[in-house]
Amino acid sequence: GGGVKFGVAAFGGVAEDGSGFNTWIEKGNPFIEGRDSLDASTSSFDGAIRPGEKVPRAEDHLVEAEDEEENAEVCAAYIDEDEDSDENDNNDAEFKKKEPDVRIVGKGFSLLGGTEGDGKGLSARNPTLTASSLYLLQSVAEYLRLMRVLTPSMPVIFQGFCSLFERTMVHIFGVFGQHAALEQDSDKMTPRLRSILVQAMNGSTLASFMPAVGEGVGAEASSVLSSGNLYGLKERAIALESLSCIADELMGLKPGLKQALPHKEEQKLERFFGQTISSVEDLREHVYRHVTGLLLNLSWVAETIGDSDKLSDKLKVGKYALKEISTDHSKWVDDLSAELTQFGAKLACAEVTTEALVMLWDFAITETASAIVDGFSRVRKCSSEGRAGMILDVQMLHGNIRRLVPQGTKEDFRIVDTYVKAFYTPQEEMMHFCQTHLEFSQTQKVALINQMAGAFGWASSVKSEMIAGIGANDSDTFM
């Protein structure tokens, strides 16, 4: 059988300068015919079809090797399927000199690594791109070519260009995202990303963008997302980084498109580059946060830190109602450190990019901090000595985390520090604290007030008045 070769962005040649669209941009606006800055030799199209000429076809620019250099400015990615495998073998050496290497990683995933060395654009990023991303680049180039040939239809073609990219985002979300986040009351997704996805779906369901479950592609997709494959962590990362790479390349086209499109289309242009392209980062954050929750089990943390509901009214002593300051940290610190160590080992197995690794750890620490605050809010009684024990536990855990995370991780434990130290807030300032710290739930605030009232001997009327003042009641607690 014939081999398949993927050539990325021959728009001037990734192999030559690593750029996706830079060569077009440097020569002038690629969407406006007749500009002096655009070298006519870079394209066989001049925007007009003369009598006796056939309508130009995209295939005419991909058939002969000697035409590749001439058409480099207007070809995106190309696929050269050669039936003669011997000929493919003979051309491998020459091909590798001109194009980045193709790597096959896992069944059904064709990945392309960027070239090494001092380049710019794609080569400087040395990306790993999915085969689908290469097809997307090729399709983008086809749209750009149509814009040059069918100038009066440029707004319609641009709309198709935008829809193609948006539908790609929907497909990635459908496969890797948390579908419940599309609900209006969900906080698992930014409103901007939700708006882009809903509009791109155009009334269709997510199921229409995904392979059917069963044999073939559907079965393969199901196995990729299984727990045995780390919930598709590696595949998620490659898909997202590929999309982000393409989005960065497309940003370079904005000035030319803005000049070429009619003024009335400027709002659509700004929406695409200001909303759709920008929401790619929102999609990355959503998917990485989702897979972090799948890989890191924190469901046990709050209950383990807090006091058991099985304690009788007479024995509500609790883990942090201490009479002396302890020099030893709590057992949950070791258990949680072990859980985070396993999480780090899973990330190492997936071999994700450094940028993705940092994002995943950032989300892991954020979720860990939130679980710890939930746990502290489940503590029934807390003395000043017990609060010192909390501080020791947090410091020990934070120290363990520092040894696990990569450089660049935020290590943001501020929400935990704020909640623990709020215990020492003067009574007259506590109302202001509750009203200004919206990061804490009503339940967590009520628990904090109860802990302080018990430790410092507040009158019941003062406690009740303060709880009522923040719009809560005594039932808004884990107790």
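**Labels and the values behind them**

Tutor: Start with histidine 290, which lies in helix H12. This is a predicted model.

Student: Why is histidine 290 called buried?

Tutor: Its relative accessible area is 18%. Buried means under 20%. The value of 18% falls under that cut-off, so histidine 290 is buried.

Student: Which residues does histidine 290 touch, leaving out those up to four places away in sequence?

Tutor: Phe176, Gly177, Gln178 and Arg236. Phenylalanine 176 is 114 residues away from histidine 290 along the chain, yet their C-alpha atoms are separated by 8.5 Å.

Student: Helix H12 also packs against helix H7. What makes H7 roughly perpendicular to H12?

Tutor: H7 covers residues 191–201 and H12 covers residues 279–295. Their packing angle is about 105°, with the axes 9 Å apart. Angles of 65 to 115 degrees count as roughly perpendicular. The angle of about 105° is in that range, so H7 is roughly perpendicular to H12.

Student: Why give both an angle and a distance?

Tutor: Two packed helices are described by the angle between their axes and the distance between those axes.

Student: Which residues meet in this pair?

Tutor: From H7, Arg192, Leu193 and Ile196. From H12, Ser279, Asp282, Leu283 and His286. By class, the contact has 3 nonpolar, 2 polar and 2 charged residues.

Student: Next, threonine 276. How do you know that threonine 276 is buried?

Tutor: Threonine 276 has 0% relative accessibility. The cut-off for buried is under 20%, so threonine 276 qualifies. This threonine is found in helix H11, residues 266–276. Beyond residues up to four places away in sequence, threonine 276 touches Phe165, Glu166, Met169, Ile196 and Arg271.

Student: Serine 383 is in a loop. Why does serine 383 count as buried?

Tutor: The loop runs between helix H15 (354–376) and helix H16 (384–402). Serine 383 has 14% relative accessibility. That is under 20%, so serine 383 counts as buried. Not counting residues up to four places away, serine 383 touches Tyr320, Ala321, Leu322, Phe423 and Ala455.

Student: Why is tyrosine 231 called partly exposed?

Tutor: Tyrosine 231 has a relative accessible area of 25%. Buried needs under 20% and exposed needs over 50%. The value of 25% is in between, so tyrosine 231 is partly exposed. Tyrosine 231 lies in the loop between helix H8 (217–224) and helix H9 (233–251).

Student: And what makes glutamate 351 exposed?

Tutor: Glutamate 351 has 62% relative accessibility. That is over 50%, so glutamate 351 counts as exposed. Glutamate 351 is found in the loop between helix H14 (331–350) and H15.

Student: How confident is the predictor?

Tutor: The mean pLDDT is 76, and 68% of the residues reach 70 or more. Over residues 1–19 the pLDDT is below 50. Over residues 33–119 the pLDDT is below 50 too.

Note on methods
Residues numbered from 1 in each chain as written. Predicted model: local features only at pLDDT ≥ 70, side-chain atom pairs only at ≥ 80, totals over all residues. Heavy atoms only, no water. pLDDT = per-residue confidence, 0-100. Contact = heavy atoms within 4.5 Å. Helix = DSSP H or I, 4+ residues; strand = E, 2+ residues; numbered from the N terminus. Buried < 20%, exposed > 50% of the residue type's maximum accessible area, 1.4 Å probe, protein only. Axes fitted to C-alpha atoms, helices over the stretch in contact; angles between N-to-C directions. Parallel < 35°, antiparallel > 145°, perpendicular 65-115°, else oblique. Nonpolar A, V, L, I, M, F, W, Y, C, P; charged D, E, K, R; others polar.
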